[in-house]
Amino acid sequence: MTDENVKQSGEFELIRWIQQQAGDDDRMLCAIGDDCSIDQLPTGKQLLTSNDLLIEDIHFNRAWTSLFDLGRKSVAVNLSDIAAMGGKPRALYLGIGRPKHLGEHDLKDFVRGFLYEAKRHDVILAGGDTCGSPGPLIISVTVQGQVSAGRAVLRQGAGCGDAIYVSGTLGDSALALQLLRAEQTPPAPLVQRFNTPAARLGVGQYLGENDLATAMLDVSDGLLADLDHLLRASGVGAEVMISTLPLSEAFRSALAQDPALIDLALAGGEDYELLFTSARHDLDKSPVPAPGVVKIGTIRAGSGVVVRQDNGDTYRCRRRGFDHFAIN
Ligand code: ADP
Ligand code: MG
């Protein structure tokens, strides 16, 4: 941080306030306050690290998302990456590029939301950086997690004949965004999925610990785009049955009015559900080994995804994966 920034906006006081709000945690030998945090991983664990950048008017719009929810969401999307490896999140690092127009009250609301979501999942805010931004609000979050040695589930590893599963429901967040853009009020459950997505940590850890998934990632860009990442990494192709896609009640009632909305479930983005493959074809049967997952297709030899309708015809999705607000 430069002296100029400090003079401008009293960032030191803000950091002290963040430090107080974050509190102490015995798991970290040293967290906020020194040049680096010091962590000591338990024996036999491996460290997972990931970073996500959220830039105002590209990844979020303050007219649609409160700063408290934005704080929650910036944690959730990072935890989702740890879930996608089958890991347990441990620590977060928060970089804030603060525009002049963002008042202290708003900024604290953001940090409150961030810590609310972090504490809900027992994750430590262990450091960060705070600086003025001449442009938009910029949030950079790094998450670290742990996984038992050799248990991380990668994008590669899907084999021919494996079943393809997805957790939760698809398309809710993208439908909310589409309605908000059209200046309509989306049903509350859709807005909730858009503003405060839930990282599927329990499902991810269960799959990893029990060695049930051959490959896995989280759906952030849309089912088809993310499935394509998994297929390329694994060197295989896939067939997906469109009638099996898990859809919420709110999504289904909108779909009944406009069947073309199915493309939002296929390629909408920001679902933050887990997409994984397994040699087992009964993970969605009771007694439920992996609660809340639905089988949507099968891995085949070759490359690319074929989406099939019930009559066997191929379905062509007219939408590409999530491409962020600025480019649409
Ligand atoms: P430095 O000059 O070493 O970057 P800072 O004054 O930026 O130090 O930060 C002091 C301490 O506060 C560090 O431990 C840093 O990790 C932490 N910190 C700074 N900004 C944030 C933030 N937005 N969230 C959490 N911790 C922060
Ligand atoms: Mg700094």
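Predicted model: local features only at pLDDT ≥ 70, side-chain atom pairs only at ≥ 80, totals over all residues.
I started at ligand 1, where a backbone N or O atom of Gly33 sits 2.8 Å from one of the ligand's oxygen atoms.

Still at the ligand, I looked up Gly128 and found a polar backbone atom 2.9 Å from an oxygen atom of ligand 1. For Asp35 I checked the side chain, and an N or O atom there is 3.4 Å from an oxygen atom of ligand 1. Which residues come nearest to ligand 1? I get Gly33, Asp34, Leu94, Gly128 and Thr130, out of 14 residues around the ligand.

Next, the helices. I took H3 (residues 67-83) and H4 (residues 104-120), whose axes are 6 Å apart at an angle of about 40°. The two are therefore oblique to each other, and H3 passes H4 in a right-handed crossing. On the H3 side the contact residues include Leu67, Phe68, Leu70 and Val75, and on the H4 side I noted Phe110, Phe114 and Tyr116 among them. By class, I have nine nonpolar, three polar and six charged residues in this contact.

Then I moved on to H5 (residues 172-181) and H6 (residues 188-195). Their axes come within 7 Å and cross at roughly 105°, which means H5 is roughly perpendicular to H6. H5 brings Asp172, Ser173, Leu175, Ala176, Leu177, Leu179 and Leu180 to the contact, and H6 brings Leu190, Val191, Arg193 and Phe194. I sorted these into eight nonpolar, one polar and two charged residues.

Conventions
Residues numbered from 1 in each chain as written. Chains lettered and ligands numbered in written order. Heavy atoms only, no water. Axes fitted to C-alpha atoms, helices over the stretch in contact; angles between N-to-C directions. Helix = DSSP H or I, 4+ residues; strand = E, 2+ residues; numbered from the N terminus. Parallel < 35°, antiparallel > 145°, perpendicular 65-115°, else oblique. Left-handed = near helix turned anticlockwise from the far one by under 90°. Contact = heavy atoms within 4.5 Å. Nonpolar A, V, L, I, M, F, W, Y, C, P; charged D, E, K, R; others polar. Near = heavy atom within 4 Å. Polar contact = N/O pair within 3.5 Å; in protein donor to acceptor, adjacent residues only side chain to side chain.
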